Amino acid sequence: MYLLIPAAGMGRRMKSDRNKLLLSLLDRPLIAWTLLAAEASRHIDWIGLVGQPADWEDFQQILAGLSLSKPVAFIQGGETRQESVYNGLQGLPEGADRVLIHDGARCLATPELLDRCAEALHHCPGLIAAIPVKDTIKIVNDQKIVEQTPNRNYLWAAQTPQGFEVQLLKDCHDKGRQLGWEVTDDAALFEACNLPVTIVEGEETNLKVTTPVDLAIAEFILRQRLA
Ligand SMILES: Nc1ccn([C@@H]2O[C@H](COP(=O)(O)OP(=O)(O)OP(=O)(O)O)[C@@H](O)[C@H]2O)c(=O)n1
Ligand SMILES: C[C@](O)(CO)[C@H](O)COP(=O)(O)O
């Protein structure tokens, strides 16, 4: 299974002066934990690391320290996550028919979750890892007045991995670019093209490290895991 790792962000919400994926989490850079999960997955056999050229030297050094057994290709990222994944899709080896996409920032995803998604992708054209929402969600208007409280039974929080048939996802990205769609995940493009996206049960600990608090929580979870 092919895996693309979008890792070309800036980490603005982390208020960091560099890509948050290069920040330390316990004794390793954050992105190293994501790469180690991909290495331990039974199904992943090729990794495309989508990054900004300014970070390539750091990524090279991290990879040198990890000595992964799987091939890792560098692919140049774009201005947005959507553009980075688009570039990643163009950088897949010829003949790649299915792909998993997993945020570099979701560094606590387990190899088992990657494998569950890889296996499920043989039975559907598109999928996302997701978990049931725990909070009561409010839909509000511009004046921050609540307009609706949707039934929580139908609300799931989207995570990655997300997996797709490559040609279908490429077509969705092309259509999205033509029509100016701006989305925060690939499933949204699939949905907009009326293609089905299946839910695979995600993991509560598979948080996206976005803010400094997330980094502290991720460290806590990792310490528990390694104890
Ligand atoms: N131009 C971009 C923007 C984001 N990403 C990646 O997409 C994932 C999810 O993005 P997010 O957490 O928003 O990362 P940042 O863009 O770094 O954070 P922020 O939005 O706070 O700047 C991350 O692994 C990030 O590296 C990417 O590959 N290319
Ligand atoms: C793809 C994603 O991780 C699913 O939760 C998310 O949409 C990434 O974008 P965000 O804007 O950083 O939430």
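The points below go through a predicted model of a protein with its ligands.

1. Confidence. The mean pLDDT of the protein is 97, and 100% of its residues reach 70 or more. For the complex, the predictor gives an ipTM of 0.97 and a pTM of 0.97.

2. Overall build. The protein contains seven helices and eleven strands. Its radius of gyration is 17 Å, close to the 17 Å that the globule rule gives for 227 residues, so the protein is as compact as a globular protein of that length. The C-alpha trace spans about 50 × 40 × 30 Å along its principal axes. Of the 227 residues, 37% count as buried. Among contacts with a separation of 6 or more, 73% come from residues 24 or more positions apart.

3. The nonpolar core. In the largest nonpolar core there are 51 residues, and Leu3, Leu100, Cys107, Leu114 and Cys117 have the most contacts inside it. The element that gives the most to this core is helix α1 (residues 30-40), with seven residues. In soluble globular proteins, nonpolar side chains tend to be buried together. Leaving aside residues up to four places away in sequence, Cys107 touches Leu25, Leu30, Trp33, Thr34, Val209 and Ala218.

4. Helix α4. This helix covers residues 111-120, and Leu113, Leu114, Arg116, Cys117 and Ala118 are buried in it. The buried residues of α4 pack against helix α1 and against the strands β6 (98-101), β7 (126-132), β10 (156-165) and β11 (198-201).

5. Ligand 1. There are 23 residues around ligand 1, of which Pro6, Gly9, Arg12, Arg13 and Ser84 come nearest. Sorted by class, this shell has eight nonpolar, eight polar and seven charged residues.

6. Ligand 2. The residues that surround ligand 2 are Arg81, Asp103, Ala158, Gln159, Thr160, Thr184, Asp185 and Lys208. Strand β10 gives the most to this shell, with three residues. By class, the shell has one nonpolar, three polar and four charged residues.

7. A cis peptide bond. Thr160, one of the residues around ligand 2, is joined to Pro161 by a cis peptide bond with omega at about 10°. Pro161 has its place in strand β10, one of the elements that the buried residues of α4 pack against.

8. Positive phi values. Two residues other than glycine deserve a look here. Lys15 has a phi near 55° and sits in the loop between β1 (2-6) and β2 (24-25). Lys15 counts as exposed because 9 other C-beta atoms lie within 10 Å, under a cut-off of 12 or fewer for exposed residues. Leu26 has a positive phi of about 50° and is found in the loop between β2 and β3 (28-29). With 12 other C-beta atoms within 10 Å, Leu26 is exposed too.

9. Phenylalanine 59. This residue lies in helix α2 (residues 56-66). Is Phe59 buried or exposed? Phe59 is buried, because 23 other C-beta atoms lie within 10 Å and the cut-off for a buried residue is 20 or more. Not counting residues up to four places away in sequence, Phe59 touches Leu49, Gly51 and Phe74. From C-alpha to C-alpha, Phe59 and Glu201 are 30 Å apart in space, and they are 142 residues apart in sequence.

Key: Residues are numbered from 1 along each chain as its sequence is written. Chains are lettered from A and ligands numbered from 1 in the order in which they are written. This is a predicted model: local features need pLDDT of at least 70, side-chain atom pairs count only at pLDDT 80 or more; totals for chains, interfaces and linings use all residues. A residue is near a molecule or strand if its C-beta atom, placed from the backbone, lies within 6 Å of it. Ala, Val, Leu, Ile, Met, Phe, Trp, Tyr, Cys and Pro count as nonpolar, Asp, Glu, Lys and Arg as charged, and the others, Gly among them, as polar. A nonpolar core is a set of buried Ala, Val, Leu, Ile, Met, Phe, Trp, Tyr and Cys residues joined through C-beta atoms within 7 Å. Helices (H or I, at least four residues) and strands (E, at least two) are DSSP runs, numbered from the N terminus. Two residues are in contact if their C-beta atoms, placed from the backbone, lie within 7 Å. The radius of gyration is taken over C-alpha atoms; the globule rule is 2.2 Å times the number of residues to the power 0.38. pLDDT is the predictor's confidence in each residue, from 0 to 100.
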